[in-house]
Amino acid sequence: MAKILNSAAGAGAAKAEQVSPDLHALRGGSRSVCSVSDVHSLDPDLRAYLGAQLRAMYQEIVSDPVPHRFLELLEELARRGQPADEQ
Amino acid sequence: MSSESPPKVKEDLLAAIPRLRALAIGLCGKTDQAEDLVQETLVRAWANLSSFTPGTNMGAWLYTILRNEFYTDLRKRRHEQPDPDGTLAATLVSQPSQESRVDFQDLRLALAKLAPPQREAILLVGASGLSYEEAAHLCNCAVGTMKSRVYRARMRLTDLLNFNIGLQSGALFNTESEAAEETSMSLVCDR
C-alpha cells in the first residue's frame, strides 16, 4: 500500500505536511502535559464523551443511503469503460 | 474501447462511498462541498485505476486521492479568501439541520475551527477508529506526528464544545461506544 500511497498522493501529501504545525513545537507541547488547560482537556470522562460523539457522528453519516448522484456517476463511468482497458 | 469494467471494481467503489463521504463531510463541514469532493475522487480514481494494485485496500487508496484533492482545493481557496475556517463556521451556523436525527451541529462547527491536519487526524483516529499507525500511513506522516495532532485536536475540541454543561445529563455516555468502536470500520483492513 505504501507504493500506492506514494504514487497516488505523494506530492499532495508532502505539500499537506507544510500546513502542519511545527513538529518540534508539538513534541515540546506534548511533554508539558501538566498545565491547567491540559489537565482539563485530558479528563477521561470528557475524552470518552468526545470519542463517543465523534464515532456517533461518523456512524450516522456512514449509515446514510448512498446518494443517487454517486450511483449515477458509477453507472456513467462503467459505461465509459476503464482507461486501462483501452491500451 | 473495452465494453465492461470488472464488476468487482464498481462494487468496491460503491462499498467505499459511505466512509469516504463521512470523512469528506468531516473534513469539509458542508455536505454539498463534501459530495463534490467525493465525486471528484471517484472520477480521478476511475481514470487512474491502473495505478491501483488489486487485492490492496481500495478505501485507503481512495482516501489518499480524496485528501490530496481536499488540500489542493484548500490551498486554492486560501488565495481567494483569507479566513476559510471562519467563513465555513459562519456558513454552518446559517445552515439548518437537514434531518431531525441527532444533531451534531456543535461538533461539526467545532471541527471546522481546527487546523485541517488536526481535523483530519481526529476524524481518522477518533471518529473512524483507525489506529495511529494506520492514520499516519494514510497521511504520509510519522506516527508521533499523528499522535500529536490527535492530542491537540482533542484538547481544542473539548475546549470549544464546553462539555461540562452536557455532562449533567445521565444519558450522555453511550454504553455501546465500545461496540461502535469495533464496528466503526477501519479504512485499512489489509494489514
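Predicted model: local features only at pLDDT ≥ 70, side-chain atom pairs only at ≥ 80, totals over all residues.

Residues are numbered from 1 along each chain as its sequence is written, chains are lettered from A in the order in which they are written, and side-chain values use heavy atoms, without hydrogens and water.

**Exercise 1.** Describe the secondary structure of chain A.

*Solution.* Start by counting: chain A has 5 helices and 0 strands (DSSP runs, with at least four residues of H or I for a helix and at least two of E for a strand). Next, read along the sequence to find the pattern α-α-α-α-α. Finally, of the 87 residues in chain A, 37% are buried (under 20% relative accessible area with a 1.4 Å probe, where exposed is over 50% and partly exposed is in between).

**Exercise 2.** Work out how α3 and α6 of chain B are arranged.

*Solution.* First, find α3(B) at residues 58-80 and α6(B) at residues 116-127; their axes come within 12 Å and cross at roughly 155°. The two helices are therefore roughly antiparallel (an angle over 145 degrees).

**Exercise 3.** Locate B:Asn140 and describe its backbone.

*Solution.* Look in the loop between α7 (132-139) and α8 (143-161) of chain B. There, B:Asn140 has a positive phi of about 55°, although it is not a glycine. B:Asn140 is partly exposed, at a relative accessible area of 38%.

Key:
Axes fitted to C-alpha atoms, helices over the stretch in contact; angles between N-to-C directions. Parallel < 35°, antiparallel > 145°, perpendicular 65-115°, else oblique.
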